[in-house]
Amino acid sequence: MFRPQKYSIPDRAGQPFIDPVEIRRLLDANPAPQHSQVAAAVESALGLNRLSLQQTAVLLNAGPEDRRLVLEAAGTLKRRVYGDRIVVFAPLYIGNKCVNDCSYCGFRSSNPRAVRRTLSPDEIAGEVRQLSSTGQKRLILVFGEHPLYDPGFIASAVRLVYSTRQDHDRINRVNINAAPFDVDGFRTIKRAGIGTYQIFQETYDPQVYSRIHGRGPKSDYTYRLTAMDRAMEAGIDDVGLGVLLGHADWRFEVMALVRHTNHLEACYGVGPHTISFPRVRKASNLDLSGIDHVTDDDFRYLVAVLRLAVPYAGLILTAREPGQLRNGMIKYGVSQIDAGTRLEIGGYSGPAATQQIDREQFELSDTRTLEQTVAELVKAGQIPSFCTACYRKGRTGEYFMQFASGGHIKHYCTPNALLSFAEYLCDYTSGPLYEKGWELIRSELDRMPAGALRDNTAKKLREIPGGARDLFM
């Protein structure tokens, strides 16, 4: 069972906790670890133990032969914790006005080519209707950092999304990606019923952070770093961490993500619900010459290390990456993906067209529709999950973490994935995908251990073709 990491100097809520010297010292202390050290860390992770920073550094420095061991173990651990299910969601950009001047972002304030737009309430409802008509049940709303997008504006947008529904078309979980706020601001957002609050540090290296965030409130490294503390104090117990790979050494960034996780566990007893690790991509009027690109091999490997280091966290692989790469990386620990993604403001209900990079935050690499993505998941034997049960049943924060870290959450995840996927098949598909999807459901049901859980799941599955909906454990 998971136990938080201990430190000689206790972490304090709301205080800086990243020590770059400490992280680099740990990485440099053992640049060529022995096989026995790597194997010991892997064995500990497979025992559902959270890895220490020292153990994480060992895995990050592992040689080519030991990398294969780590990649295999990450896939095994993902199946042990979450089963063969992949959560599917979509981002919805509400507005791209921004007062920050982040060097890597197409929406940066100094970019004269960026087309600025904020959706009206009617436009938000139109986007939601279009998304939900394809079967989407989970959204993450994305906002630039601007006085217009204050906590009240965000809360109103969240409530509007929840209230926009017709027949089976409805969004059941709304996460947000927005600027950091004070505790009162986070309380306002919490009252709107958000799921996960997501914010990326972008880079945990303070010197690099200062270089790429020249102007705007985002230039305050510490205020952004401690945003999750304020969110937790406001009662938001589901938070999502992330880095933007390509600015600093990727090994440093992984170590810092684990250190941030340790801090949240030590101060609040709750680690991140999700971790994201996007790579810098082409964007409007952007010079990529200074980017330290992370190779595909290193990218796969760092995801595997994160899966072993933080076994309970959902690992998100976004459509920044090509579809073929995403398909292949699922087996190394990824548990959530976006699908059918459009990045233009109003891009879902507007006319289908090629990407217009001046209207996007970055260039999208995976342009498959939701149905195409689902079909490929089914072909790979993965259950597309539209489940929102844990959020709606109150299994969040520490409750969720303890179930996930003990390997028990899959007893909810697999049945609920099957039920939500069955509803998707009945409401939004036909023909070969419908048939293959039900074949996968029957196969997964047969693999469940005999007992009340399987019997109850089978009973609910039989009710869905007859019209029963919104069934979950």
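Residues are numbered from 1 along each chain as its sequence is written. Because the model is predicted, local features need pLDDT of at least 70, and side-chain atom pairs count only at pLDDT 80 or more, while totals for chains, interfaces and linings use all residues; side-chain values use heavy atoms, with hydrogens and water left out.

**Exercise 1.** Find which residues of helix α1 (residues 20–29) are buried, and what they pack against.

*Solution.* Start with burial, meaning under 20% relative accessible area with a 1.4 Å probe, protein chains only. P20, E22, I23, L26 and L27 of α1 are buried. Next, look down the axis of α1: its buried residues fall within an arc of 165°, so they line one face of the helix. Now turn to the face pointing away from the buried side, where V21, R25, D28 and A29 are exposed (over 50%). Finally, the buried residues of α1 pack against α3, α8 (206–212) and α11 (250–268).

**Exercise 2.** Describe how helix α3 (residues 53–60) packs with helix α12 (residues 296–309).

*Solution.* First take the geometry: α3 and α12 pack at about 155°, with axes 10 Å apart. The two helices are therefore roughly antiparallel (an angle over 145 degrees). Then list the contact residues, with heavy atoms within 4.5 Å: α3 gives T56, L59 and L60, and α12 gives Y301, V305, L308 and A309. Last, sort them by class: the contact of α3 with α12 has six nonpolar, one polar and no charged residues.

Technical notes: Axes are lines fitted to C-alpha atoms, for helices over the stretch in contact, and angles run from 0 to 180 degrees between N-to-C directions. Helices (H or I, at least four residues) and strands (E, at least two) are DSSP runs, numbered from the N terminus. Angles under 35 degrees count as roughly parallel, over 145 as roughly antiparallel, 65 to 115 as roughly perpendicular and the rest as oblique. Ala, Val, Leu, Ile, Met, Phe, Trp, Tyr, Cys and Pro count as nonpolar, Asp, Glu, Lys and Arg as charged, and the others, Gly among them, as polar. The arc is that of the directions from the helix axis to the C-beta atoms.
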